[in-house]
Amino acid sequence: MRSIWNGAISFGLVSIPIKLVNATENHSIHFRQIHLADGGRIRYRKVCELDEEEVSGGEIGKAYEDADGTMIPITDEDLAQLPLPTAKTIEIVAFVPADEIDPLQLDTAYYLSANGVPAAKPYTLLREALKRSNKVAVAKFALRGRERLGMLRVVDDVIAMHGLLWPDEIRAPEGVAPESDVTVRDAELDLADALMDTLGEVDMDSLHDDYREAVEELIAAKASGEAVEPSESQEPGGGKVIDLIAALESSVRAAKKSRGEGEDEEAGAEGDMAEVHPIKKKAAKKSAAARPKSTPKETGAKKSTASGSSTAGKTTQAQRKTTSSSAKRTSGRSTTKSTAKSTAKSTARTATKSTAESGGKTPAKSTKKTASGSRGRASA
């Protein structure tokens with residue numbers, strides 16, 4: 001970055017050569033004045049009021065206008081003869097806590113860069129001293145022909161200086177506050193606090209100039225010959241607040257909605273309403289009433305599924321219960337005999353499978369005994 005001033009920081013008997021660099025830049029879009037009839041550029045020319053002739057820059061000097069309109073010429077030589085110890089020096093006069101500086105005094109910001117290798121050590125010393133003390137330095141310096149007040153503080157690993165307005169340049173806020181006495185209720189303060197909490201904090205790096213971007217888009221569209229569509233402008237709010245409580249509540253809701261918090265709460269509320277247990281019970285009763293009564297086998301199957309049987313023994317026991325309940329409800333003996341036969345067959349298959357898995361050590365008599373026992377129980 002290009003330096004705009006070279007000098008030194010006077011820190012007691014320590015002198016630190018530095019360069020002054022602008023820390024800010026202006027991104028505002030500037031317009032030119034043109035003649036609407038033909039688009040010609042309108043320029044301002046410096047013309048003398050007495051002879052009405054244009055004057056060049058070399059013929060222009062400075063003067064102070066007195067109260068009666070008299071011009072008192074002041075030359076650069078006159079100003080150079082004035083005692084100005086801060087002409088090339090940033091003279092530190094005090095170290096104070098940062099909260100003692102009124103933000104109304106803050107002006108243009110600059111970066112102070114060490115000028116040369118020998119300046120690195122005292123520069124670093126001042127920077128670390130400011131860091132450890134948690135204070136800022138108040139200094140005087142001269143720039144562009146006038147003495148100014150400044151505040152030095154540490155930004156990352158750089159010493160920055162803010163130009164300060166002199167205390168007598170800050171106007172007193174007389175006649176600015178409301179003239180009438182206003183009482184604020186606790187409920188209104190609570191809602192204001194809720195609105196502040198809802199808005200929360202913001203990442204300063206994410207803030208940008210929306211209007212400047214809109215102007216740039218407008219210029220680009222006109223330069224390319226595209227039609228410019230008018231954007232939807234927000235209607236300005238009214239000057240009167242009818243209900244402060246209602247306005248605060250609406251502001252809180254709007255802030256939550258903009259952050260997506262309101263939608264999450266509504267979705268959560270809908271989810272809670274969806275899980276209503278009485279509705280599930282009624283649905284279960286209706287399904288039970290709609291089911292035909294003459295399906296005892298399905299009932300037995302559901303019972304066996306609900307029990308979550310995992311072994312062959314539990315499955316056989318469930319089949320026995322199903323067989324016995326089916327036998328009691330059925331009036332024909334033929335149905336009972338067929339059920340007993342199917343039970344005996346399934347028991348035999350289970351025994352045979354278990355025998356095969358165990359390596360064939362189970363004797364055949366136990367298999368026959370199990371099968372005959374199953375037939376006897378089925379007959380009973």
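## Contacts and overall composition

Among the contacts in the chain with a separation of 6 or more, 60% are between residues 24 or more positions apart. The model is predicted, and the chain in it has 11 helices and 9 strands. Of the 380 residues in the chain, 18% are buried.

## The barrel

Seven strands are arranged as a closed barrel: the 7 strands run in the order β1-β2-β6-β9-β8-β7-β5, and their pairing is mixed. From one strand to the next, the twist averages 40 degrees.

Several of the strand pairs can be described individually. Strand β1, residues 3-11, pairs with strand β2, residues 14-22, in the antiparallel sense over 8 bridges. Within this pair, I9 has I16 of β2 as its bridge partner. The two strands form a hairpin with 2 residues between them, and G12 in the turn has a positive phi of about 65 degrees.

On to the next pair, β2 and strand β6 (residues 106-114) are antiparallel and share 5 bridges. Here I18 stands opposite A114 in β6. Strands β5 and β7 are likewise paired in the antiparallel sense, over 6 bridges, and V96 has V136 of β7 as its bridge partner.

In soluble globular proteins, nonpolar side chains tend to be buried together. The largest nonpolar core in this model has 20 residues, of which I9, I18, I90, L112, L152 and M161 touch the most other members. At least two residues of this core come from each of β1, β2, β5, β6, α2 (120-133), β7 (135-143) and β9 (158-164). Strand β7 supplies the largest share, 4 residues. A second, separate core has 7 residues, including V96, I101, V138 and L164.

The surroundings of I9 can be listed in detail. Leaving aside neighbours within four places in sequence, I9 is in contact with V14, S15, I16, I18, I90, I92, L112, L126 and L152. Among these contacts is I16, which is also the bridge partner of I9 in β2. I18, I90, L112 and L152, which I9 contacts, are also named among the core residues that touch the most other members.

Helix α4 covers residues 210-223, and its geometry can be checked against its length. At 1.5 Å a residue, its 14 residues should span 20 Å, and the C-alpha atoms at its ends are 20 Å apart, so the two values agree. The N-terminal end of α4 is capped by D209, which has a side-chain oxygen 3.1 Å from the backbone nitrogen of Y211. After α4 comes G225, with a positive phi near 80 degrees.

Helix α3, residues 186-199, contains E188. This glutamate has a relative accessible area of 12% and is therefore buried, as the value is under 20%. Its side chain reaches the backbone nitrogen of R185 at 3.1 Å.

## Loop residues

Most residues other than glycine have a negative phi. E52 has a positive phi, near 55 degrees, and is found in the loop between β2 and β3 (62-65). With a relative accessible area of 66%, E52 is exposed. N134 also has a positive phi, near 55 degrees, and lies in the loop between α2 and β7. N134 is exposed, at a relative accessible area of 65%.

L104 belongs to the loop between β5 (89-97) and β6. Is this leucine buried or exposed? L104 has a relative accessible area of 56%, a value over 50%, and is therefore exposed. Not counting residues up to four places away in sequence, L104 touches L165 and I170. The C-alpha atoms of L104 and P167 are separated by 9.5 Å, although the two residues are 63 residues apart along the chain.

Methods:
Residues numbered from 1 in each chain as written. Predicted model: local features only at pLDDT ≥ 70, side-chain atom pairs only at ≥ 80, totals over all residues. Heavy atoms only, no water. Expected span 1.5 Å × (residues − 1). Polar contact = N/O pair within 3.5 Å; in protein donor to acceptor, adjacent residues only side chain to side chain. Pairing = 2+ DSSP bridges. Buried < 20%, exposed > 50% of the residue type's maximum accessible area, 1.4 Å probe, protein only. Contact = heavy atoms within 4.5 Å. Core = buried A, V, L, I, M, F, W, Y, C linked by side-chain atoms within 4.5 Å. Axes fitted to C-alpha atoms, helices over the stretch in contact; angles between N-to-C directions.
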